[in-house]
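Here's a walk through one protein model, helix by helix and sheet by sheet. Have a look at it first.

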Amino acid sequence: MLVSQLLNTGFPSLNIADKAGFALQLMDDYDVLHLPVLSEEKFVGLIAKEDLLDAEETDTHLSSPELLQPFSVKNEEHFLSALKLISVHELSLLPVVNDQLELVGVVLTKELIKAVSLFLGIEEKGAVIVLETDKRNFSFGELSRLVETNDSYITQLNTYTEAGTGLVIITLKINKVEVSDIVATFQRYDYVVRYYFGEEEYANELKENYNHLISYLNM
């Protein structure tokens, strides 16, 4: 999915000559914490509500360099580029510009969340299994093969490296809701199953083992 597919052209922009009070009122009217700022029809930066609250007392204009943040994306970029900027900088929206730095619209955070939901296949029926493994042992081919041996297939796979341990954390979405057989297969092949979730009631071996341990310790 490209940024252009999430483009919202109905949001206002600010002029660099505007004052903080006007910008704050506009943010309140549109229920956002950020707005793009233009100078001679060119994007010059993104301004945040929290930075404007102090500026309002001094009647500061939006041209102050310390107020402007240079965050934007292009229409043709993948929406994950927008997600990274919005997540890292905690933005309520992100300006979208063309090669001439003309503002063509914005990406709203709430619309981006919907896109992430679609991207992750959250609405699709199925179970989720979370595994951990060493980087050297990670193989998409093997994971797929082990799932397929149980007459199922992977509909979504995401990974990240855990900072504290260096382990690869693998989140799998499976096309069926009862996956205890797949979990057992992963365990036979020495994958650590952190947890799993389905839409039906079934026994979670990991939880049972934990409960047995707690019961033993309380004896």
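At what angle do helix α3 (residues 79-89) and α4 pack, and how far apart are their axes? The angle is about 125°, and the axes are 11 Å apart. Axes here are lines fitted to C-alpha atoms, for helices over the stretch in contact, with angles running from 0 to 180 degrees between N-to-C directions.

## What you're looking at

This is a predicted model, in which local features need pLDDT of at least 70 and side-chain atom pairs count only at pLDDT 80 or more, while totals for chains, interfaces and linings use all residues. Residues are numbered from 1 along each chain as its sequence is written, and side-chain values use heavy atoms, leaving out hydrogens and water.

The protein averages a pLDDT of 85, with 86% of the residues scoring at least 70; pLDDT is the predictor's confidence in each residue, from 0 to 100. Helices (H or I, at least four residues) and strands (E, at least two) are DSSP runs, numbered from the N terminus.

## The α3 and α4 pair

For the angle labels, under 35 degrees is roughly parallel, over 145 roughly antiparallel, 65 to 115 roughly perpendicular, and the rest oblique. The crossing is left-handed, meaning the near helix is turned anticlockwise from the far one by less than a right angle (clockwise would be right-handed).

On the α3 side, F79, L80, A82, L83 and I86 meet T109, L112, A115, V116 and F119 of α4; contact means heavy atoms within 4.5 Å. By class, that contact has nine nonpolar residues, one polar and no charged. The nonpolar class is Ala, Val, Leu, Ile, Met, Phe, Trp, Tyr, Cys and Pro; Asp, Glu, Lys and Arg are charged, and the others, Gly among them, are polar.

## The three-stranded sheet

Helix α4 (residues 109-119) also lies across β6 and β7, running at about 65° to β7. Those strands belong to an open sheet of three, ordered β5-β6-β7, with mixed pairing. At the edges stand β5 (73-74) and β7 (103-108), each with a single partner strand, so one side of each has no neighbour in the sheet.

Two strands pair if DSSP finds at least two bridges between them. Five bridges join β6 to β7, and these two run antiparallel. For one of the pairings, look at L94, whose bridge partner in β7 is V107.

## The four-stranded sheet

Another open sheet has four strands, in the order β1-β2-β3-β4, again with mixed pairing. Strand β2 (residues 34-39) and strand β3 (residues 42-48) run antiparallel, joined by six bridges. P36 has L46 in β3 as its bridge partner. Helix α1 (residues 20-30) packs on this sheet, touching β1, β2 and β3, and its direction makes about 135° with that of β2.

## The α5 and α6 pair

Helix α5 (residues 140-148) and helix α6 (residues 180-188) have axes that come within 9 Å and cross at roughly 135°. That makes α5 oblique to α6. Their crossing is right-handed.

Here L143, L146 and V147 in α5 meet I182, T185 and F186 in α6. The residues of this contact divide into five nonpolar, one polar and no charged.
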